[in-house]
Amino acid sequence: MTASAPHLRVPATYMRGGTSKGVFFRREDLPEAARVAGAPRDRFLQRVIGSPDPYAVHIDGMGGATSSTSKCVIVAPSARADHDIDYLYGQVAVDADFVDWSGNCGNLSTAAGAFAIHAGYVVPAGDGVCTVRIWQANIGKTIVAHVPVTGGAVVETGDFELDGVPFPAAEIVIEFIDPADDDGEGGAMFPTGNLVDTLDVPEDIVAGGKLKATLIDAGIPTIFVDAADFGLTGTELREAINGDANLLARFERLRAIGALRMGLIGAPEEAATRQHTPKIAFVAPPARYVASSGRTIAAEDIDLLARAFSMGKLHHAMMGTASVAIAAAAAIPGTLVNRAAGGGERQAVRFGHPSGTSRVGAEAQRIDGKWTVAKAVMSRSARILMEGFVRVPSDVC
């Protein structure tokens, strides 16, 4: 009989934030080798989630075998005087051997604000709303979470309803400050300098080999295309898209082409280990459809339709960061997103996604020939699902 290997017992909190959930850690609670970037940290988080899993079910870990549930977050007091916490997000691949640190999770940003209070990093001054200033360490951006509190504790129950989440909860307002990329050569938000690019693509991706796309970096790098160019309506649900292997492959190849054009990768093969960014989404004008919950969404109740992919699969609702990209693109006349919404200037948009609808706001302005967004605002909710310890074999890091 093989001797039993000892296990690490690490304090952790399992939280839902928006339409995602993940395992949250205080950095000081992690094994020493996992407190800094590198292979030991990646191996530790993979083992917590249960990845890589060739069966793609995460049976031996905390993950849920989807991009929305294969997430880990590390939080620590911020080294920046004007921020409360540093928030680092790891997207753990389900069946591949890597952790993607290239972007943020907008939904779990909500939970990061609440976790800062749960973990004792932020002490509310009184009842009402506690403002938590978050430094998003993956992308170097500020997020401000407005968290309801009473008696020094986070209020988790309430009547705020979020499509994609089955039960109501307390509303947390999130502000993404200056969400656009600051380093793009073509402009703060548009890496190529264009509101719409024409991409050269293989004809088995799109007939004719030419495809119009809006390439934007706001919230998260995102490639927007028109649903009609793929023979889609924009009303599709997950099963219709994720059950079509050929369609998924076409979108993944297009994602690599867009990533190259945006300067995010140097060669197409790099996209395989950078699955979290860029996102790719298709949009269409508003139309009536039945959401995955069975609820009918009327065309007049939304401004446009949007569907987005995460880690190679259609997302069950909409990622928070992609919602920021939608808001920013919708606010700028001429983008594909703005055109799908009917054109013109707008400061907020309500879009239809597979689980229902979502509203997000953004104020865009053109300064010295470049489009900028001061902030994007949305509402989400968060709560603790379980707290205690995770156990992993001691030889993982």
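In the predicted model, Asp178 is partly exposed, its relative accessible area being 31%. The side chain of Asp178 forms a salt bridge with Lys141, and the closest N and O atoms of this pair are 3.3 Å apart. Asp178 belongs to the loop between β9 (172–177) and β10 (197–200), whereas Lys141 is part of strand β7 (residues 141–150); the pair therefore ties together parts that are 37 residues apart in sequence. Lys141 counts as buried, with a relative accessibility of 9%.

Glu175 and Lys375 meet through their side chains in a salt bridge, with an N to O distance of 2.6 Å. Distant parts of the chain are linked in this way, since Glu175 lies in strand β9 and Lys375 in strand β20 (residues 370–380), 200 residues apart. Glu175 has a relative accessibility of 13% and counts as buried, while Lys375 is partly exposed at 36% relative accessible area.

A salt bridge is also formed between Lys210 and Asp200, for which the closest N and O atoms are 2.3 Å apart. Lys210 is located in strand β11 (residues 210–218) and Asp200 in strand β10, so this pair ties together parts that are ten residues apart in sequence. Lys210 and Asp200 are both exposed.

Glu236 is buried but has no salt bridge, because Arg307, the nearest side chain of opposite charge, is 5.4 Å away and a salt bridge requires a nitrogen within 4 Å of a carboxyl oxygen. A polar atom of the Glu236 side chain does, however, lie 2.8 Å from the backbone nitrogen of Thr233. When residues up to four places away in sequence are not counted, Glu236 touches Ile241, Phe282, Arg307, Leu314 and Pro354. Arg307 is thus among the residues in contact with Glu236, although the two side chains form no salt bridge.

The protein is divided into domain 1 (8–179 + 382–392) and domain 2 (197–373). The centres of domain 1 and domain 2, taken over C-alpha atoms, are separated by 25 Å. Contact between the domains involves 20 residues of domain 1 and 26 residues of domain 2. The size of an interface is often given as the accessible area lost when the parts come together. Between domain 1 and domain 2 about 1700 Å² is buried, and carbon and sulfur atoms give 55% of this area. On the side of domain 1, Phe98, Asp163 and Pro179 lose the most area to domain 2, together accounting for 32% of what that side buries.

Polar interactions also occur across this interface. Ten residue pairs are in polar contact between domain 1 and domain 2, and one salt bridge is found across the interface. Elements that each supply at least two residues of the side of domain 1 touching domain 2 include β4 (85–92) and α2 (106–118). Asp163 forms a salt bridge with Arg295, the closest N and O atoms of the two residues being 2.6 Å apart.

Key. Residues are numbered from 1 along each chain as its sequence is written. This is a predicted model: local features need pLDDT of at least 70, side-chain atom pairs count only at pLDDT 80 or more; totals for chains, interfaces and linings use all residues. Side-chain values use heavy atoms; hydrogens and water are left out. Buried means under 20% relative accessible area, exposed over 50%, partly exposed in between (1.4 Å probe, protein chains only). Lys and Arg count as positive and Asp and Glu as negative; His and the chain ends are not counted. A polar contact is a pair of N or O atoms within 3.5 Å; within protein, one must be able to donate a hydrogen and the other to accept it, and residues adjacent in sequence count only if both atoms are side-chain atoms. Contact means heavy atoms within 4.5 Å. Helices (H or I, at least four residues) and strands (E, at least two) are DSSP runs, numbered from the N terminus. Domain bounds come from an automatic or database domain assignment. Buried area is the accessible area (1.4 Å probe) that two parts lose on being put together, summed over both.
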